[in-house]
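Grab a pencil and work through a few exercises on how two parts of a protein meet. Try each task before you read its solution.

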Amino acid sequence: MRPKDALPVVYPSHCPVCETPLIRKEGEAQHYCPNDKGCAPQLKAKIEHFIGRKMMNIDGLGAETVEQLFDAGLISNFSDLYDLTKEQVLPLERMAEKSANKLIEGIEASKNIDFPKVLFALGIRYVGETVAKKLAKHFKSLDIIQNATLEELIAVDEIGDRIAESLIEYFSDEYNLQIIQKLKAAGLQFEISEDDAAPVGNALEGKTIVVSGTFNMARDAMKNLIESNGGKVGSSISSKTDYLICGESMGPAKLKKAEDLGITMISENEFLALIGNASGEQQEKGQVSLF
Ligand SMILES: [Zn+2]
């Protein structure tokens, strides 16, 4: 649909900021500046990614402050955040005692952020939120991921060559290893905690699930499991309900309503099987659900 006199698109050949020749990976649309360790906007963007709400979620630190800290030479990568002192940040423009305290406290608090989020925060190419969760759950610690072979990586559900190769490339880079070493020394979480060991996936993507009755597991834990597997917790039974998880002592009115609407009713163990958890675990304890 382009007009006849349109000129051919000329792609830039060099990075507009650092003037490094751009590269384009086979089969991909974007051109990249490969100078990821020296190109200022890339370095800043990596720090901004690291502090994001779904990653390290650092309170009191936003893109503007990152820019200021970077331009003042106080940080050159995100591991430098953990060396910052209040005295260093106070002289920055628009920084007051209160905001400086908030910033330092926010950085300190991020040391408790769970491993899957830390892994996502590192900004490894192709390792997004879901992939980070899967890797963390499968390998349990960064050390194991770091030492995994290509074969071991692609053996994980939904991890293909592209992600596996990106991980291997990331961990073979001395610069990245130095950053990780510094983050470890700062006390960040590089192993999965028990809470994170719960199954994560998208088996329940787009499904609305209502929970009724009592179960072996705590009600909140079940709701968390529904959400961490892509489902939505419904507050009451309606025609929009996909599954009703039936526990003990569920009210007869609810049961009838679900039957009338033809909603699929499942037990706690069937629910666990659905999300790929070891379904026998509850039964081994000698507890059997209604179904
Ligand atoms: Zn550049």
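Predicted model: local features only at pLDDT ≥ 70, side-chain atom pairs only at ≥ 80, totals over all residues.

Residues are numbered from 1 along each chain as its sequence is written, and side-chain values use heavy atoms, with hydrogens and water left out.

**Exercise 1.** Describe the area buried between domain 1 and domain 2.

- Start with the bounds, which come from an automatic or database domain assignment: domain 1 is 40-112 and domain 2 is 115-197.
- Next, count contacts (heavy atoms within 4.5 Å): 14 residues of domain 1 touch 15 of domain 2.
- Now the buried area (accessible area, 1.4 Å probe, that two parts lose on being put together, summed over both): about 1,400 Å², with 65% from carbon and sulfur atoms.
- On the domain 1 side, K54, F78 and K111 lose the most area, together 34% of what that side buries.

**Exercise 2.** Find the salt bridge partner of K54.

- Apply the cut-off: a side-chain nitrogen of Lys or Arg within 4 Å of a carboxyl oxygen of Asp or Glu.
- Between the two domains the count is 3 salt bridges.
- K54 pairs with E129, their closest N and O atoms being 3.4 Å apart.

**Exercise 3.** Is K111 buried or exposed?

- K111 has 18% relative accessibility, so it counts as buried (under 20%; exposed is over 50%, partly exposed in between; 1.4 Å probe, protein chains only).
- Leaving aside neighbours within four places in sequence, K111 is in contact with Y82, A186, G187, L188 and Q189.
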